[in-house]
Amino acid sequence: MDFLVRTTNNLPVDTPEERRRELQQAERARAAELREAGLLKKLWRVPGTRSSIGWYEAKDATELHEALSSLAFFPWMDIVVEPLATHPQEQ
């Protein structure tokens with residue numbers, strides 16, 4: 001099942017730089033694992049924001065939730081998930 005996932009990172013601006021770097025490294029490492037596992041297909045940054053859009057492929061919403069909640073920034077993320085279905089013109 002395909003999902004479009006919009007995330008906004010709300011990590012507090014006063015987070016110490018060392019902690020911010022630790023979280024960024026952990027986030028990148030986990031995203032690489034999700035890519036390798038075939039769940040994270042593509043990731044885009046929304047210019048001028050702290051937001052991203054990702055294309056995920058998961059067997060169901062539970063698997064997607066487990067993947068998203070495993071991200072280092074998850075506690076500070078606003079997430080909007082849109083399940084995708086094939087459009088008739090694409091068949």
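How many residues apart in helix α1 are Arg-19 and Glu-22? The two are three residues apart in helix α1 (residues 17-36), and therefore separated by about one helical turn. The structure is a predicted model, in which local features need pLDDT of at least 70 and side-chain atom pairs count only at pLDDT 80 or more, while totals for chains, interfaces and linings use all residues. Residues are numbered from 1 along each chain as its sequence is written, and side-chain values use heavy atoms, with hydrogens and water left out.

Five salt bridges are present in the structure, a salt bridge being a side-chain nitrogen of Lys or Arg within 4 Å of a carboxyl oxygen of Asp or Glu. One of them joins Arg-19 to Glu-22, at 3.5 Å from N to O. Arg-19 is partly exposed at 38% relative accessibility (buried means under 20% relative accessible area, exposed over 50%, partly exposed in between, with a 1.4 Å probe and protein chains only). Glu-22 is likewise partly exposed, at 38%.

A salt bridge also connects Glu-82 with Arg-6, whose closest N and O atoms lie 2.8 Å apart. This pair links distant parts of the chain, with Glu-82 in strand β4 (residues 77-84) and Arg-6 in strand β1 (residues 2-9), 76 residues apart. Glu-82 is partly exposed at 31% relative accessibility, and Arg-6 is partly exposed at 36%.

Glu-57 and Lys-41 meet through their side chains in a further salt bridge (3.6 Å, N to O). Here strand β3, which holds Glu-57, is linked to strand β2 (residues 40-45), which holds Lys-41, across 16 residues.

Key:
Helices (H or I, at least four residues) and strands (E, at least two) are DSSP runs, numbered from the N terminus.
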